[in-house]
Amino acid sequence: MTIEFEETTDPVGLEVHDSLEQRHLQIETAASVSPGSIDADEFCFTVDETCAIETDEIVFDHRYAVTIHDRTGQAISNFEAGETAELDDRTQFVGVSAPIKLYVRVDVPGTIDVGLTALRITLEREAPVELRSAHDRPAGTITTSSDLESVTEAISAVPSALKTTSPERTWPTLRGHPPLIELGDRLDIPEEIDRPAGDVELVVPDEYLAVYQAAPLAFFLGATVRTGPNPRLETPLFDRSLSADAALGDEIARLLKRFFFFDCLTRTEGIFQYDLIERAALEDELSFGFADTYDQPLSVRLARYLEVPYEEIEPYVPRWPLTAYVPDDPDGAELVPFVVNELGIIRESRGQAPASVPQPEATNAQLVRSAAEYRSPSPIDDESAFVVPEITDESVEHAWFGDAIPQNASKATVEAYRNQIDRDARSESIELLLVCNDARMIDEHDLLDETYGTREELPFEIHSEFGVDSERLAALLTEGGYDFLHYIGHATEDGIRCPDDDLDVRTLESVDLGVFFLNACRSYEQGLALTQRGAFGGVSTYSDVINEDAVEAGETFARLLNRGFSLRAALEIAQQNTALGEQYLIVGDGSADIAQSDGGAPGLVVLERWGEHEFGFGIRTYSTKEYKLGTVSASDLESVVDTHLSPGFTPLTPVGEESIWEYLTWTELPVLIDGQLYWNDGIGSAEFE
């Protein structure tokens with residue numbers, strides 16, 4: 001069991017703890033409670049862990065979005081901050097969109113108050129209350145030989161993790177993690193992995209890459225993949241031809257985005273009902289209605305979605321979180337489930353050599369985080385060791401799984417994804433290690449020490465070390481069990497600089513580490529080695545960095561990771577709004593993070609001054625492991641209608657200056673004002689020039 005319900009005494013109530021993902025949810029009750037087990041069949045939703053308590057009040061210590069469902073699971077209503085709802089004298093489920101998704105079964109009348117800083121459920125009398133939490137792990141592992149026919153059958157079993165083919169599958173909780181794939185001597189699909197029972201097929205060219213490219217779309221449609229002539233999408237109602245050449249990847253990507261987007265709009269007629277701004281913008285121009293489409297068979301829905309030119313919907317499609325460049329060979333099969341888990345777009349690992357490798361131009365007065373005098377000749381200085389993928393503007397992250405060092409993309413490794421699947425239960429607190437190995441860089445350490453762990457509701461433990469020798473650093477990496485390492489100092493391709501000697505991570509058998517930020521020059525090879533030996537992912541550099549810029553980069557990353565942003569989101573925001581250069585890149589899994597995001601998907605408040613007392617207001621949201629593609633996000637500004645699909649942007653809306661400052665007083669999101677990034681670190685802390 002990875003999700004646990006534990007009684008607490010200060011405050012009185014329960015803590016829900018996910019020991020694998022290190023997510024916490026505090027529930028306060030009017031008096032002490034003793035959680036008991038219940039039958040999962042009592043719930044109308046997919047259940048992982050459940051418990052029952054007796055109470056007349058439940059308080060969540062954050063403002064979470066709430067949806068009330070009837071006993072069948074149908075959404076009755078949903079609520080945001082400042083609203084109050086009545087619970088009837090009948091069985092109802094209260095869905096709480098928290099870092100650990102929770103449903104509360106209530107059978108007595110009561111009231112729900114969604115405040116600015118908390119959520120309170122008050123019942124007319126003390127009664128049994130049942131809770132359900134969700135968790136997502138692969139159902140098993142498929143083994144396949146390297147021949148294309150077996151690989152194709154393995155890919156066709158990936159949609160077994162799809163929990164429905166209705167439009168509701170666009171909700172992240174109804175898309176399970178696909179089964180893993182490993183290469184072996186023969187094809188073996190375990191009995192617990194059910195092949196798709198649908199009647200949709202994707203026929204693609206007789207090539208590994210084509211089969212891989214079809215996998216995300218096949219997963220979403222619950223379709224079978226097979227190879228053959230005349231590539232096409234086959235349904236009982238229609239066939240749609242697909243390209244047989246290099247354009248196949250583009251066509252499949254557009255179909256995936258189209259079908260996913262329209263199902264997101266159609267689901268607003270289903271269990272969860274929201275007034276999406278994307279639906280409002282397009283609905284009057286469509287030839288079909290969403291209410292009539294919701295209950296139609298899959299093939300009918302797809303046919304209707306295909307009636308609309310893609311160019312008309314493209315501006316409204318949510319930002320795709322991931323594009324993955326996968327090698328066109330049997331080994332690529334092992335990568336596919338991890339990409340499909342995020343509905344990532346798969347493309348061929350093809351690119352070109354860069355015109356140059358970015359290098360900083362430091363003045364004589366500036367310190368460069370280089371240990372060049374210790375560095376031996378390395379191919380990292382050779383431009384031929386680098387590659388620029390053909391497409392770098394399609395998704396938040398572009399993950400390069402092939403050889404070479406990518407520019408404008410992350411260096412993904414299959415080991416980083418497997419490390420997270422194989423991780424053991426962690427301690428309840430988030431363990432952070434700050435290592436400073438150059439006294440001239442102590443300012444960055446002091447900034448970080450004031451930034452990490454500033455969230456009172458999360459249990460952080462921060463451990464700092466200075467002047468760490470190679471033996472001590474090796475012990476910290478292999479035995480420390482830290483969730484995050486922030487290293488400040490120097491590095492070379494051959495090792496992390498220590499007072500006595502370099503520590504080459506490649507000499508270590510394994511590391512016990514989650515996420516890392518190696519804020520040093522030329523730390524790429526060492527970061528890559530960390531992911532290959534146990535780490536989940538992190539940020540490294542492939543060239544020199546100026547110390548002043550590195551300090552700014554380190555503080556920016558610390559603030560963003562501390563607020564629940566993923567590596568990919570933090571890197572994009574930092575590169576767009578600080579002096580951080582292209583030489584910083586993600587190594588491993590860009591969706592990795594160190595802390596949960598409370599109150600929904602993490603985001604940026606975007607403000608543009610339009611007049612003396614008026615701003616243009618918008619939100620830019622990012623996905624996380626809890627709030628994946630298809631999540632709904634909104635601000636709490638009463639004068640703004642901006643419920644939208646995440647990750648994404650909302651159009652700027654005029655808002656008065658007084659309303660803006662009041663809103664910022666009660667939110668903790670970072671803020672962009674006329675392109676300048678500001679930090680809003682706590683309630684009542686909003687102070688902007």
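R497 stands opposite D502, a residue of strand β30. This is a predicted model. Strand β29 covers residues 495-497. β29 and β30 pair in the antiparallel sense, over two bridges.

The two strands belong to an open sheet of three strands. The order is β28-β29-β30, and the pairing is antiparallel. The edge strands are β28, at 491-492, and β30, at 502-503. Each edge strand pairs on one side only.

## Helix α6 and its cover

Helix α6 runs over residues 298-305. How many of its eight residues are buried? Six are, so the helix counts as mostly covered, with buried meaning under 20% relative accessible area.

The buried residues can be named. They are L298, S299, R301, L302, R304 and Y305. What covers them? The cover includes three other helices by label: α2 (208-221), α3 (248-266) and α5 (290-293).

## Two cis peptide bonds

Two prolines deserve a look in the model. The peptide bond from D10 to P11 is cis, and its omega is near 0°. P11 lies in a loop. The strand β1 (3-9) comes on one side of that loop, and β2 (12-18) on the other.

The peptide bond from S646 to P647 is cis too, again with omega near 0°. Where is P647 placed? It sits in the loop between β37 (644-646) and β38 (648-649).

## Two positive phi values

A404 has a phi near 80°. That value is positive, and the residue is not glycine. A404 is found in the loop that links β22 (395-400) and β23 (405-406). Is A404 buried, exposed or partly exposed? Its relative accessible area is 29%. Buried requires under 20% and exposed over 50%, so A404 is partly exposed.

R522 also has a positive phi, of about 50°, although it is not a glycine. The loop holding R522 lies between strand β31 (513-519) and helix α12 (524-532). Is R522 buried or exposed? R522 has a relative accessible area of 5%. That is under the 20% cut-off, so R522 is buried.

P11 is in the loop between β1 and β2, and P647 is in the loop between β37 and β38. A404 is partly exposed, whereas R522 is buried. In helix α6, six of eight residues are buried.

Note on methods: Residues numbered from 1 in each chain as written. Predicted model: local features only at pLDDT ≥ 70, side-chain atom pairs only at ≥ 80, totals over all residues. Heavy atoms only, no water. Buried < 20%, exposed > 50% of the residue type's maximum accessible area, 1.4 Å probe, protein only. Helix = DSSP H or I, 4+ residues; strand = E, 2+ residues; numbered from the N terminus. Contact = heavy atoms within 4.5 Å. Pairing = 2+ DSSP bridges.
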